[in-house]
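These are my notebook entries on one chain, written while I looked things up in its model. I begin with a term and then go from the whole to the parts.

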Amino acid sequence: MSQSAEQVGGATAISLQHLRKEYGDHVVITDLSMEVREGEFFTLLGPSGCGKTTLLRMIAGFNSIEAGTIAFNGEVINDLAPAARNIGMVFQNYALFPQMTAAKNVAFGLENRKVPKSDIGPRVDEALHSVHMDQLRDRMPGMMSGGQQQRVALARALVIKPAVLLMDEPLSNLDAKLRVEMRTTIREIQHQAGITCIYVTHDQEEAMSVSDRIAVMNEGIVQQLGTPPEIYHRPTNMFVAGFIGKTNPITRPVVREHDRLLVSLDAELTLDITDQVDTAATGDLVVVSARPEALAVADKGAAATIVDQTFLGPHNQVRAELSSGDVVEFLEFSHGASHSWTAGQPVKLAFDQSRLNYFDPETGSTVMRSQP
């Protein structure tokens with residue numbers, strides 16, 4: 001890289017082309033390619049062991065690359081040491097120096113980069129102010145809460161004015177309420193700084209709340225890349241449908257009547273899926289994927305009996321068994337005294353067809369028509 005780390009700044013476009021990562025005989029990432037846009041909040045989401053942290057560490061330079069290229073703004077950085085990549089990193093365990101105050105922790109990266117002492121103080125002040133930690137600048141990490149430590153770690157990553165901010169499960173050690181508060185803070189700070197951010201998490205709600213786009217990974221492969229609404233409402237396969245939120249998969253035969261494709265959920269509810277699926281990709285069976293919010297108790301619909309219900313504050317999570325034996329889940333908003341369902345109580349369930357997805361049961365891939 002022709003410029004020093006301190007000279008490089010602004011939003012950075014990241015290009016990953018045909019990346020491969022091996023640990024001995026074990027291939028973690030086979031052939032991964034994708035683009036991260038300038039100034040984007042980009043999230044790698046997936047279950048434990050899917051390769052998301054491995055990929056993040058490859059971008060940071062902590063892991064070797066067996067094949068492929070990583071480029072920042074068109075310049076390949078494969079051979080650059082981590083310190084030369086101008087990356088800010090926020091770890092799961094904060095990684096603060098316990099013997100240093102908040103201010104000294106934030107200043108460490110600047111001192112290490114030989115920034116003039118006259119510049120260090122103002123930049124530390126600015127970074128601490130951006131994360132609302134001005135009043136705790138002289139406090140040691142051991143005297144801070146988890147959320148305060150995470151804010152200092154974020155300030156330390158941002159103060160060096162990195163080209164890219166990498167965050168590895170930064171909120172997983174915090175309690176639920178603080179996680180919600182901190183993800184809002186992180187998103188606001190990233191937006192204000194205009195910095196490109198790659199964020200790793202296994203938490204679907206967290207990913208959807210902060211991301212411009214999400215890459216859903218499994219077994220080292222990007223299963224789907226898109227905006228949170230695209231991934232949630234139109235998952236590309238059954239893995240994504242089941243990993244992002246909840247879904248009710250119901251496998252049924254496809255009946256062809258003249259030029260129509262019909263799927264019967266039971267004797268009283270038949271879905272016409274002709275205009276929704278790719279007829280060339282639709283076989284003899286289809287998986288109807290219905291998220292809980294796509295189901296509702298109605299006067300007409302599929303016959304079912306209540307199994308149980310769970311009160312979750314703003315809504316009730318209710319399970320019911322269809323006449324076929326399939327158990328499905330639906331949601332009801334709670335209003336004052338919550339409606340009490342009795343196990344075995346008969347109901348009719350309507351399915352909102354605009355919210356349904358359809359998949360090939362053998363490949364797991366979507367058979368939905370491409371959206372115009």
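I take helices (H or I, at least four residues) and strands (E, at least two) as DSSP runs, numbered from the N terminus. The model is predicted, so I kept in mind that local features need pLDDT of at least 70 and side-chain atom pairs count only at pLDDT 80 or more, while totals for chains, interfaces and linings use all residues. Residues are numbered from 1 along each chain as its sequence is written, and side-chain values use heavy atoms, with hydrogens and water left out.

**Entry 1: the chain as a whole**

The C-alpha trace spans about 80 × 50 × 40 Å along its principal axes. For burial I used relative accessible area with a 1.4 Å probe and protein chains only: buried is under 20%, exposed is over 50%, and partly exposed is in between. By that rule 46% of the 372 residues count as buried. A contact means heavy atoms within 4.5 Å, and of the contacts with a separation of 6 or more, 67% are between residues 24 or more positions apart.

**Entry 2: a hairpin**

Next I turned to strand 1 (residues 14-23) and strand 2 (residues 26-36), which run antiparallel and are joined by seven bridges; two strands pair if DSSP finds at least two bridges between them. Tyrosine 23 stands opposite histidine 26 of strand 2. Two residues lie between the strands of this hairpin, and glycine 24 there has a positive phi near 65 degrees.

Lysine 114 is exposed, at a relative accessible area of 71%. Glutamate 169, also not a glycine, has a positive phi of about 45 degrees, and its place is the loop between strand 7 (164-168) and helix 5 (176-193). Glutamate 169 counts as buried because its relative accessible area is 11%.

Which residues of helix 2 (residues 102-112) are buried? I noted Ala102, Ala103, Asn105, Val106, Ala107, Gly109 and Leu110, and these pack against helix 3 (117-130) and helix 4 (146-158).

Grid points are joined across faces, edges and corners, and a volume is the space filled by probe spheres set on the points.

The largest pocket has a volume of about 560 Å³. Its lining has 17 residues, with Ile87, Met89, Gly109, Arg113 and Ile160 nearest the centre. Strand 6 (87-90), helix 2 and helix 4 each give at least two residues to that lining. I class Ala, Val, Leu, Ile, Met, Phe, Trp, Tyr, Cys and Pro as nonpolar, Asp, Glu, Lys and Arg as charged, and the others, Gly among them, as polar; the lining of the pocket then divides into twelve nonpolar, three polar and two charged residues.

**Entry 3: methionine 133**

I looked for this residue in the loop between helix 3 and helix 4. Methionine 133 counts as buried because its relative accessibility is 2%. Leaving aside neighbours within four places in sequence, methionine 133 contacts Leu128, Met144, Gln148, Arg151 and Val152. The C-alpha atoms of methionine 133 and valine 152 are 7.3 Å apart, although 19 residues separate them along the chain.

**Entry 4: the cavity**

My search of the whole structure gave one cavity of 30 Å³ or more, and the largest cavity holds about 30 Å³ of space. Its lining consists of Tyr232, Pro235, Ala241, Thr247, Ser289, Arg291, Arg355 and Asn357, divided into three nonpolar, three polar and two charged.

**Entry 5: cysteines**

Cysteine 50 is buried at 1% relative accessible area, and cysteine 197 is buried at 0%.

How values were computed: On a 1 Å grid over the protein atoms alone, a cavity is a set of points where a 1.4 Å probe fits but cannot get out, and a pocket is an open set with protein on both sides within 12 Å along at least five of seven lines; lining residues have an atom within 4 Å of a point.
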